[in-house]
Amino acid sequence: MFESMIEVFPWDLHDGDVERVLDHLQGELGIESLVIPVMVSPISQLRTQKISPHMFRTRGGAFFHPDEDRYQATRCKVAMSSWLKQKSPIENTLRACCERDIGVRAGVSLMHHPRIARRHPEFAVRNALGDCSTTLLCPFNADVESFGAAVMADVSAREGVSGIHLVDPDTCTHRVDGWEKSPWQSLGPFTQFCLSLCFCESCYQRAHGTGYDLGKAREMVCGLIDTAIQSSEHATVDWQAQVADHDGLMAMLQWRSVGLVSVLSGLLEASEVSVWLDRGGLDAECVSGISAWPDECSVVANIGSIEDLDALDAGQRGKLCMRVGPEVAGTDLVSLLKQASSSGVPSAVIGNYGVMPRSREDFVRQAVRFSRRASSV
Ligand SMILES: [Zn+2]
């Protein structure tokens, strides 16, 4: 049976009164399961629901109290959100969902943690120019790897959590910290990509063990950055084509991908529940470290239209949890969910409740009802 879910952040459940929000989602919209992000990157949101504060900001971190014993093997410790000090922990929400038979998948983002990266630059991504990221952790750092495994074990052991949506641990395509604010120089997407590649001590150690010459790769990447910033077209190039055309970069990505697959395996092994790898857009396939459709787990991906869905084969649709963003509106939302459910997609998640306009709810209700009907035919 097709599972329709809605993404709700912990603060939107609590600030809106858990019972009341669940009544609304289950009773009025017909939602059967929730995706609740419990370890998140920094977010600001202007809430459409009538709750206070109207503007919600978090510097990110964990929205649960960690089970400290699980983190003994790592120096990389969970940064707890300050919100936790004022509010009830996630357990209350999980209990309330269990009582109503609402399924919960937990959302986990492991690599984008400014509070940890600033406190511990030794765990952070270090780019080809030697500059340390103030937001991203390196997935190949041993402490970060154990931290990731501990979080997966900790979250998956909580009663009521039936699955985990894991944000892709590949840090390769993240934005360079704070650059979007610079009025003087806009880094083009290709330069951004080059600056997202890590050359930290841990990466060098791994390269050494595998016989890959990371020093040479770093010289290559520095050269590409220098050339790119001298070119007036660097902001507008088709960066993915540029990466795919460059043998040296592709070789580096291939080397990274072997490591990332092993990082992912460790994270999957640590989890007691099923894991969906959250790939975001599928168009980043050429730079993805982990293949778009890993054999080991199912995938969460943004699907914007029936054409996107049709482009997938039956095997891919069978392991897809389709994420539907605000760009799919009105009756398109209804037809997309209906089509997904009748073409073998097991689940879809609509995001995110806290910023969803009330006018969208009518279509969500219809989409849930029709997709359920389509899957039972
Ligand atoms: Zn690194």
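This is a predicted model: local features need pLDDT of at least 70, side-chain atom pairs count only at pLDDT 80 or more; totals for chains, interfaces and linings use all residues.
Because 23 other C-beta atoms are found within 10 Å, leucine 110 is classed as buried, the threshold being 20 or more. Setting aside neighbours within four places in sequence, the contacts of leucine 110 are Gly148, Val151, Val167 and Pro169. Leucine 136 stands 26 residues apart from leucine 110 along the chain, and the C-alpha atoms of the two are separated by 9.2 Å.

**View B. Packing of helix 6 against helix 11.**
Helix 6 contributes Glu145, Gly148, Ala149, Met152 and Ala153 to the contact, while helix 11 contributes Val263, Gly266, Leu267 and Ala270. Classified by type, the residues of this contact comprise six nonpolar, two polar and one charged. Gly148 of helix 6, shown here in the contact with helix 11, is also one of the residues in contact with leucine 110 in View A.

**View C. Crossing of helix 7 and helix 9.**
The axes of helix 7 (residues 189–196) and helix 9 (residues 214–230) come within 10 Å and cross at roughly 155°. This angle makes helix 7 roughly antiparallel to helix 9, since the term covers angles over 145 degrees. The crossing of helix 7 past helix 9 is left-handed. On the side of helix 7, the contact involves Phe190, Thr191, Cys194 and Leu195; these meet Val221, Leu224, Ile225, Ala228 and Ile229 of helix 9. Eight of the residues in this contact are nonpolar and one is polar, with no charged residue.

**View D. Strand 1 and its pairing with strands 2 and 13.**
Strand 1 (residues 3–7) is largely enclosed by the rest of the structure, because four of its five residues are buried. Strand 1 runs parallel to strand 13 (residues 347–350), and four bridges join the two. Within this pairing, glutamate 3 has serine 347 of strand 13 as its bridge partner. Strand 1 also pairs with strand 2 (residues 33–40) in the parallel sense, over three bridges. Here, isoleucine 6 is bridged to leucine 34 of strand 2.

Technical notes:
Residues are numbered from 1 along each chain as its sequence is written. A residue is buried if 20 or more other C-beta atoms lie within 10 Å of its own, exposed if 12 or fewer, and partly exposed in between; C-beta atoms are placed from the backbone. Two residues are in contact if their C-beta atoms, placed from the backbone, lie within 7 Å. Axes are lines fitted to C-alpha atoms, for helices over the stretch in contact, and angles run from 0 to 180 degrees between N-to-C directions. Angles under 35 degrees count as roughly parallel, over 145 as roughly antiparallel, 65 to 115 as roughly perpendicular and the rest as oblique. A crossing is left-handed if the near helix is turned anticlockwise from the far one by less than a right angle, and right-handed if clockwise. Ala, Val, Leu, Ile, Met, Phe, Trp, Tyr, Cys and Pro count as nonpolar, Asp, Glu, Lys and Arg as charged, and the others, Gly among them, as polar. Two strands pair if DSSP finds at least two bridges between them.
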